Amino acid sequence: MSKVIEQPRYSCALGAEQTVVAIRRAVPVLHSGPGCCNKITSLIGQGEAYAGGSTIPCTNSNERDVVFGGVDKLRSVVKGALQVIDADLYVILTGCTASIVGDDIDSVAQEFRSAGKPVVCAETGGFKTNNYRSHETVVNAVIDQYVDAHRAEGGVQKGLVNVFATVPYQDPYWNGNLAELKRVLDGIGLKANILFGQESGGLPEWKNIPNAEFNIVASSWVGLGIAEHLKKKYGTPYLHFPYLPVGGLETSRFLRQVAEFGKLDKKRAEDFIGREERKFYSFLERMADFLLEFRYGLPRRFYTILDASYAVGFAKYLVNELGILPARQFVVDNTPEEFRDEVRGEFAHLSDRRSAPVEFETDGGVIQQKIREDENKTRALILGSGWDRDLAKDLNADLLILSVPVEYRLVLNCGYAGYNGGLRVIEDLYDRVLGTYR
Amino acid sequence: MAKKLKQIAIYGKGGIGKSTTTSNISAALSKMGYKVMQFGCDPKSDSTNTLRKGEYIPTVLDTLREKGSVKANEVIFEGFNGIYCVEAGGPAPGVGCAGRGIITAVQLFRQQKVFEDLDLDFIIYDVLGDVVCGGFAMPIREGIAEHVFTVSSSDFMSVYAANNLFKGIQKYSNSGGALLGGIIANSINHQYSKDIIDDFAAQTKTQVVEYVPRSVTVTQCELQGKTTIEGAPDSEQAKIYTRLAEKIAAHEVSHTPSPLSTTDLRQWASKWSKQILAAESRSIAGAC
């Protein structure tokens with residue numbers, strides 16, 4: 001018997017359209033029913049970017065395309081997209097109907113590629129899986145069907161790394177997070193391909209993927225499927241750092257692991273880490289008087305309603321650097337079974353003294369109910385989504401919107417990863433708290 | 001008072017003689033004075049060929065594809081003795097969804113209330129019988145056909161398809177779906193074939209409506225683009241088809257069958273296979 005899930009915090013497989021939107025000058029071409037795209041972008045999109053949102057070319061499949069197959073229409077939509085949208089890569093993605101009917105999208109993409117057009121395709125029928133998984137599918141499809149044929153010359157380059165850390169738009173702060181990760185990785189002597197967003201080098205960077213010395217997965221589990229694929233395909237080794245590094249301690253830990261894995265110049269790495277830590281803590285020192293005086297005004301405990309990477313990353317930061325204690329922790333990304341023990345392990349060792357049980361739950365309604373039934377005697381911080389605003393209001397809790405749907409925030413370059421992201425967490429947290437004062 | 005329209009679906013494994021049987025039933029009913037429509041629900045679109053001198057007719061779905069919309073009278077063609085012939089059609093092999101095509105074609109006819117306007121006595125749906133997906137079950141659900149007959153030989157794969165059909169009928173039987181009238185046993189020229197199909201009918205709690213032997217007369221007529229009823233009206237085979245049509249015309253009450261489970265069906269087939277093998281060994285030994 002199927003179960004109704006209330007307020008899932010992720011999309012269907014077709015949500016990987018946002019992965020394409022996040023690649024500079026890449027355009028998704030949807031072979032799906034009308035409306036799929038709008039539903040997805042209203043959940044996990046803010047801004048149409050180059051050719052996203054309601055401007056995505058789409059076959060708008062109807063009954064005729066089901067009965068006779070929609071390949072001809074897809075061919076004409078791709079042809080049209082090539083004529084009217086100036087882009088460097090076109091990615092055909094199937095919705096449910098085309099995937100059920102079994103339209104041969106590979107042959108369509110192949111036809112265009114044979115004619116010299118940069119067209120690739122991936123099966124993303126909504127029923128197949130969610131957008132975390134299909135993000136990997138789409139990235140691997142671009143690698144196999146585009147990158148492989150256009151590999152940049154020169155072979156493996158010392159210090160070049162690919163970073164797989166967030167799922168664009170599913171992580172509302174993906175652009176800021178990736179930019180910060182690039183900044184700190186470049187700082188210790190690497191050249192980081194972040195592949196998505198304004199700080200990336202666009203498709204020339206993608207063409208360089210096979211030339212990386214190693215890959216970095218800074219995420220609980222999403223991205224491992226890509227790193228494994230690259231390991232098999234190009235023999236590229238990878239480092240897995242199993243959460244988003246937030247703040248001084250974790251970012252330094254992350255960088256040291258990377259430096260060791262990549263056998264980087266230790267002095268250069270430590271010099272950078274030292275500089276960054278001094279800068280990071282100098283801001284806190286400058287505010288020490290206020291922070292100390294205000295320590296009882298802060299929430300005492302935090303609820304987490306986040307995906308695994310954010311959940312672990314924030315929990316470590318809040319516990320170890322801000323002294324806020326964990327209340328109930330909910331991981332909402334439908335973490336595959338094989339990765340759950342590792343996530344449990346991270347929560348079991350948040351610090352030397354603190355651990356927290358974690359619950360894997362995709363039903364937002366169930367989570368909210370459980371939080372409402374908690375004691376709630378002291379001021380709480382909720383790390384959740386826009387959908388948790390009413391809950392926070394009812395509990396007089398402070399809400400930091402870190403997950404989709406964002407709804408009540410505009411996100412430009414904000415990010416919470418790294419040293420700068422850690423500072424931003426403090427700013428935003430105090431902003432929420434101070435905003436409640438009369 | 002309006003007469004009651006009788007809607008019948010005839011299923012059978014591809015190649016088992018389902019269209020031949022259906023067309024002969026239609027022809028016989030027509031000669032008995034009934035107004036009949038034969039509705040081919042097979043992407044091959046050749047159900048009604050022998051009613052129209054071997055000619056293919058434009059299908060509902062081809063017309064829909066070309067023109068974007070279809071008026072029912074554009075895809076109804078008169079055949080032998082005024083029988084209305086319709087072919088649902090389907091996508092090219094290997095693309096699209098044939099099952100959805102059948103749903104689309106049947107719904108289109110129902111929406112346009114064609115059946116009422118033509119004052120029909122019988123609609124006979126000739127359906128590819130493997131019931132591989134929901135589309136091929138369309139005529140047995142949603143109150144379209146009332147009675148289902150299956151054409152089956154004693155060949156195991158044909159019986160397997162019939163058993164699958166019975167599963168479909170059983171599934172929809174509680175929600176107003178069609179019920180089973182019985183089995184039309186086709187290509188029955190040996191006693192053991194008759195015994196096999198009789199046993200299958202007994203196991204699944206249904207009946208054999210008629211035994212139709214394999215006949216070269218049928219082939220000769222089909223090569224001329226005719227049904228046996230039209231091409232060889234006085235033949236023994238035509239009499240059998242006429243008798244079958246009379247039984248179907250008189251048929252009133254259908255039942256829910258009791259299909260065998262996959263394991264039971266295999267065991268049942270294995271039992272028959274051993275019996276036939278033993279019988280053949282005896283006859284070979286006798287001949288030596």
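**Core, domains, chains**

Modeller: The largest nonpolar core has 135 residues. Those with the most contacts inside it include Val91(A), Ile92(A), Val142(A), Val163(A) and Leu181(A). This is a predicted model: local features need pLDDT of at least 70, side-chain atom pairs count only at pLDDT 80 or more, and totals for chains, interfaces and linings use all residues. Residues are numbered from 1 along each chain as its sequence is written, while chains are lettered from A and ligands numbered from 1 in the order in which they are written.

Colleague: What makes a set of residues a nonpolar core?

Modeller: Its members are buried Ala, Val, Leu, Ile, Met, Phe, Trp, Tyr and Cys residues, joined through C-beta atoms within 7 Å. Buried means 20 or more other C-beta atoms within 10 Å of the residue's own; exposed means 12 or fewer, partly exposed is in between, and C-beta atoms are placed from the backbone.

Colleague: Which residues is Leu181(A) in contact with, leaving aside neighbours within four places in sequence?

Modeller: Among them are Val163(A), Ala165(A), Ala192(A), Ile194(A) and Ala218(A). Contact means C-beta atoms, placed from the backbone, within 7 Å. A second, separate core of 78 residues includes Met37(B), Ile144(B), Leu180(B) and Tyr241(B).

Colleague: Why does the radius of gyration of chain A agree with a compact globule?

Modeller: The radius is taken over C-alpha atoms, and the globule rule is 2.2 Å times the number of residues to the power 0.38. For 438 residues the rule gives a value near 22 Å; chain A has 22 Å, so the two agree. Of the residues of chain A, 54% count as buried.

Colleague: Which domains does chain A have?

Modeller: Domain 1 (13-150), domain 2 (160-283) and domain 3 (294-407). The bounds come from an automatic or database domain assignment. The C-alpha centres of domains 1 and 3 of chain A lie 35 Å apart. Their contact takes 5 residues from each of these domains.

Colleague: How many residues link chain B to chain A?

Modeller: 10 residues of chain B are in contact with 8 of chain A. On chain B, α2 (60-67) and α3 (98-111) each supply at least two residues of that side. Helices (H or I, at least four residues) and strands (E, at least two) are DSSP runs, numbered from the N terminus.

**Helix and backbone**

Colleague: Why do you say that the buried residues of α10(A) line one face?

Modeller: In α10 (residues 224-234) of chain A, Ile226(A), Ala227(A) and Leu230(A) are buried. Down the helix axis, the buried residues fall within an arc of 95 degrees, so they line one face. The arc is that of the directions from the axis to the C-beta atoms. Their cover includes α7 (131-147), β4 (160-164), β6 (214-218) and β7 (238-241) of chain A. Just after α10(A), Gly235(A) takes a positive phi of about 70 degrees.

Colleague: Why does Ala49(A) count as buried?

Modeller: Ala49(A) has 20 C-beta neighbours inside 10 Å, so it counts as buried. Ala49(A) is in the loop between α2 (36-44) and α3 (63-68) of chain A. Its phi is positive, about 55 degrees, although it is not a glycine.

Colleague: What makes Tyr169(A) buried?

Modeller: Tyr169(A) has 31 other C-beta atoms within 10 Å, so it is buried. Tyr169(A) also has a positive phi, about 75 degrees. Tyr169(A) is found in the loop between β4 and α8 (174-187) of chain A.

Colleague: Which residues does a cis peptide bond join?

Modeller: Val404(A) and Pro405(A), with omega about -10 degrees. Pro405(A) is in the loop between β12 (398-403) and α18 (418-434) of chain A.

Conventions: Contact = placed C-beta atoms within 7 Å.
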